[in-house]
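Thanks for sending this one over. Here are my notes, point by point, to read alongside the model.

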Amino acid sequence: MSKILHIKFYDHMSLTNEWHDIDLILKTKIVECEVIGFLIKEDDLAYFLATMLGGEEMGSCHVILKSTVTSVKEYPKKSK
């Protein structure tokens with residue numbers, strides 16, 4: 001049974017492979033984001049989450065690097 005986690009983390013980004021004005025990166029603000037999802041896998045570097053599960057499939061998946069995490073809270077999963 002998957003754990004349900006609420007993770008707060010600092011978001012990070014990559015830009016597309018096209019030219020950008022230097023002001024774009026200089027004006028970029030680091031934002032704290034949140035995700036609540038089912039823990040699919042965890043290793044030394046990251047949490048692997050999905051916010052939707054259905055049969056053998058999952059949706060809205062996220063890989064959150066642990067080095068960016070500011071807090072983790074685990075919620076109990078209710079039984080049927």
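**Notes on the sheet and the core**

1. Let me start at one pair: E42 stands opposite Y47 in β3. Strands here are DSSP runs of E with at least two residues, numbered from the N terminus, and two strands pair if DSSP finds at least two bridges between them. β2 and β3 run antiparallel and are joined by four bridges.

2. Before going further, please keep in mind that this is a predicted model, where local features need pLDDT of at least 70, side-chain atom pairs count only at pLDDT 80 or more, and totals for chains, interfaces and linings use all residues. Residues are numbered from 1 along each chain as its sequence is written, and side-chain values use heavy atoms, leaving out hydrogens and water.

3. M52 stands opposite G59 in β4. Two residues lie between these strands, and G55 takes a positive phi near 65° in this hairpin.

4. Now the largest nonpolar core, which has eight residues: L5, I7, F9, V35, L39, Y47, L49 and I64. Such a core is a set of buried (under 20% relative accessible area, 1.4 Å probe, protein chains only) Ala, Val, Leu, Ile, Met, Phe, Trp, Tyr and Cys residues joined through side-chain atoms within 4.5 Å. β1 gives the largest share, three residues.

Notes: Buried means under 20% relative accessible area, exposed over 50%, partly exposed in between (1.4 Å probe, protein chains only).
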